Amino acid sequence: MTLSQKPRVRFAPSPTGFLHVGGARTALFNWLFVRHEGGTLLLRIEDTDVERNKPELVDGILAALKWLGTEWDEGPFFQSQRLEMYRAAAERILASGAGFACYCKPAAYAGGDAAEEHEGEGDDEGAKDTKNIACPCRDLTDADRAAKEKEGIPRAIRFRTPHAGTTKFEDAVFGSREVQNAEIEDFVLLRSNGLPTYQLSVVVDDIDMRITHIIRGADHLSNTPKQVLIYQALGAAPPIFAHVPLILGPDRTRLSKRHGATSVGSYAEEGFLPEAFRNFLALLGWSPGEDLQFLRTNELIQRFTLSGISRTNAIFDRAKLEWFNTQYLQRPRVEELLPYVEAGLKRAGLWESSEASRDPAWFARAVDLIRPRTRLLTDFSGWARAFFTDDFEYDPEAREKFWKDEKLPALLSKLTDALAALPDWNHDACDAALRGVAAAEGVKAGLLINATRVAIVGRAVAPPLFETMVVLGKDRVIARLRRALEFLYSR
């Protein structure tokens, strides 16, 4: 890459599963890097693995990337539509002598079809160690090969790895790397069915797409020497590599389903905010250089550099992710939160009939009141449901705890009358009316406060009562108190 050339990077998932946390972090690092450098992000779908591919998952991967906010600049490109290019490259390598025809059965030894690797699964799938056993086809004579062809034995193309010397490459995270060529098997480039392996297709694509930096999981360090050899055989300079640390579960084993949800879509459905997820992911294996945690996306872009990526594996901490989500629910302007809450209410079927759909100012006040007690977006349509609909139930535990006093029906009846008579509906007026009834009846105000909260929102835990009453409005509060009285008298 020249000094004047802007970076071109790619994120290349394989549609063999959903977009997982590891892949999402890789996509985010690529996105942050090019946004910081003013470069270009390409999206490439590596779908040449016919047996494992699930084309229906492509839309889910694209949707997850869009939710995460890692929008790409070019693509998506599909490898399944570029097969002739890979075949031509394999034939060029064969003709140059850097490759050789192989007539062995697939997966008969190291480097066979079973050794295929992909980047798309992030930290959930990685390169496997293979035993280096020499391919007997490497030293076939012209006569031997002619005989094989005459018999009609299917032919694969393998790379003729040098027996001596080393293969070197620079990694922006791990520094200089050097591998003895004797440790690299004669790996497959083109299978006998005409389909390329990952090692070939990824290099051909990266050359054709003018990729300058490859940012991917550290589990692909073992793939890199093979790919460097292919670059050299095709007469192209390798890009800059940056292998990012793996993401581990709390038990320091590879992150997997046993640690909980691993797909990005699951976190979206649970109610995490995209920006909170971005902030959390960015700090898994990268540091801004200071002891900072809460970093809005613009600041992440401003600070992100490859030099900030750690060599140490990161630990996925669900509690920390939830902490980030609460920060993004509470700290930004409420206006930033409203579109997400609206979308959640629509999914729950609560939007159309709610005051929120008719009065934007009321909607903002309600969300601002509720959000200090929320942990996930789904809380707005969950425990806070009563703010947006009259169709809610009384929590059994709250009823049992705060509606057991025999005097309560009479007390709530008098409170309802006192509130209905208020000329002004505000915090202080509601407070004074409730405390006045409590004093007149010789009971503690807390008895009425707790019972009233259950009556108007169905729960024992909610935002401060009198602020809640103001947001709900006089008519709704009176109607809900009368509904609660009917429930109490019917027991």
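How many aromatic pairs does the count come to? The count comes to 19 aromatic pairs, where rings of Phe, Tyr and Trp (its six-membered ring) pair if their centres lie within 6.5 Å, and planes under 30 degrees apart count as stacked, over 60 as edge-to-face and the rest as tilted.

Select F280 and F316. Their ring centres are 5.1 Å apart and their planes stand at 90°, so this pair is edge-to-face. F280 belongs to helix α8 (residues 274–282), while F316 is in the loop between β12 (314–315) and α10 (318–330), 36 residues apart. Helices (H or I, at least four residues) and strands (E, at least two) are DSSP runs, numbered from the N terminus.

This is a predicted model, in which local features need pLDDT of at least 70, side-chain atom pairs count only at pLDDT 80 or more, and totals for chains, interfaces and linings use all residues. Residues are numbered from 1 along each chain as its sequence is written, and side-chain values use heavy atoms, with hydrogens and water left out.

F324 lies in helix α10 and F280 in helix α8, so the pair ties together parts 44 residues apart in sequence.

Now check burial (buried is under 20% relative accessible area, exposed over 50%, partly exposed in between; 1.4 Å probe, protein chains only). F280 is buried at 3%, and F324 is buried at 1%.

Next, select W67, Y267, F272, F277, F280, F316, W323 and F324, which ring pairs link into a cluster.
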